[in-house]
Amino acid sequence: VCANDNTSFTVSADGNPIVYQWQVSTDGGNNWNNVSNGGVYSGATTSTLNLTGVAASYNGYKYRCVLSVNACSSTVNSAAATLTVNPNPTINLTAGPLTSLFPGLHTTLSAAVSPNPAANYVWFLNGNAIANTGATLQVDIDGLGEYAVGVIDVNGCIGLSNTVTISDSSNNSLFIYPNPNTGLFQVRYYEKQKGISNPRVMNIFDAKGSRVHQQQFITNNPFGRMDVNV
């Protein structure tokens, strides 16, 4: 099982009414002690021993059941079973080389997983899952926000990373690209009010000074994308 998960051990036998007593060994089977109900244990005197919220420290514990038939003064020990508790993955999420962006810049988010390799990644932006399944994610100006990544490792254990925030970097430049272009291009600039209640009007003039295009934009982030088609 994974740390903090649940599991159980079950023994079966035929015959007269049977008395069950589960035992645990914490030293590889050299010494055995009766299990009592409480803590992670329940069902200590039944045919099924339940363990709830098993800590990683229980890894390697051995369990067996002592079965008795009082009317016959008969007692037998079951075979022993070993509990394996795999640690949940720890994920360290970092961004490099930047955490603040403006148009044209990129940064890469990287997830380092330990102690066991990851089998699956689930990335989140502002709490919503996004389409990426690898250990790294490249982010540009359209990807501002809070990132985290969840991991399922090779043992099926689950972990969630720390949060990394990718923010905007104020800049006085007006970005127009691609340049040159055929009349299809983007315009971006740093809008402190983010444009939500402050729409902007773009006027484009030709070399003679005649206005050839006018368009209003309402952006939703500091470098909101304004697509132009003239």
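**Cysteines, salt bridges and loop residues in a predicted model**

The structure is a predicted model, in which local features need pLDDT of at least 70 and side-chain atom pairs count only at pLDDT 80 or more, while totals for chains, interfaces and linings use all residues. Residues are numbered from 1 along each chain as its sequence is written, and side-chain values use heavy atoms, with hydrogens and water left out.

A disulfide is a covalent bond between the sulfur atoms of two cysteines. For the present analysis, the term denotes a pair of cysteine sulfur atoms within 2.5 Å. The search of the whole structure finds 1 disulfide. This bond joins Cys2 to Cys157, with an S to S distance of 2.1 Å. The link of Cys2 and Cys157 is left-handed, with -95° about the S-S bond. It connects distant parts of the chain, since Cys2 lies in the segment before strand S1 (7–10) and Cys157 in the loop between S15 and strand S16 (158–160), 155 residues apart. Strands (E, at least two residues) and helices (H or I, at least four residues) are DSSP runs, numbered from the N terminus. Both Cys2 and Cys157 are buried. Cys65, by contrast, is in no disulfide, and the nearest cysteine sulfur, that of Cys72, is 17 Å away. Cys65 counts as buried, at 0% relative accessibility. Cys72 is likewise in no disulfide, the nearest cysteine sulfur being that of Cys65, at 17 Å.

Asn88 touches Cys2, Ala3, Asn4, Ser114, Pro115, Cys157 and Ile158, not counting residues up to four places away in sequence; contact here means heavy atoms within 4.5 Å. The side chain of Asn88 reaches the backbone oxygen of Ala3 at 3.0 Å. Asn88 itself is located in the loop between strand S8 (81–82) and strand S9 (90–96). With a relative accessible area of 26%, Asn88 is partly exposed. Asn88 and Phe223 are separated by 135 residues in sequence and by 39 Å in space, C-alpha to C-alpha.

Ser114 and Pro115, which are among the contacts of Asn88, are joined by a cis peptide bond with omega of about 0°. Pro115 is placed in the loop between strand S11 (107–114) and strand S12 (118–125). The peptide bond from Gly96 to Pro97 is also cis, with omega near 10°. Pro97 belongs to the loop between S9 and strand S10 (100–101).

Positive phi angles were examined next. Ser73 has a positive phi of about 50° although it is not a glycine. Ser73 lies in the loop between strand S6 (62–69) and strand S7 (74–77), and is exposed, with a relative accessible area of 72%. Asn126, also not a glycine, has a positive phi of about 55°. This residue occupies the loop between S12 and strand S13 (128–130), and at 47% relative accessibility Asn126 counts as partly exposed.

Side chains of opposite charge can pair when their charged atoms come close. A salt bridge is defined as a side-chain nitrogen of Lys or Arg within 4 Å of a carboxyl oxygen of Asp or Glu. In total, 3 salt bridges are found in the whole structure. In one of them, the side chains of Asp142 and Arg188 meet at 3.0 Å, N to O. Asp142 lies in the loop between strand S14 (136–139) and strand S15 (145–153) and Arg188 in strand S19 (residues 184–188), so the pair ties together parts that are 46 residues apart in sequence. Asp142 is partly exposed at 46% relative accessibility, whereas Arg188 is buried, with a relative accessible area of 1%.

Asp206 forms a salt bridge with Lys208, and the closest N and O atoms are 3.3 Å apart. Asp206 counts as partly exposed at 25% relative accessibility, while Lys208 is exposed, with a relative accessible area of 69%. Another salt bridge brings together the side chains of Asp227 and Arg225 (2.9 Å, N to O). Asp227 is partly exposed, with a relative accessible area of 39%, and Arg225 is partly exposed at 45% relative accessibility.

Note on methods: Buried < 20%, exposed > 50% of the residue type's maximum accessible area, 1.4 Å probe, protein only. Polar contact = N/O pair within 3.5 Å; in protein donor to acceptor, adjacent residues only side chain to side chain.
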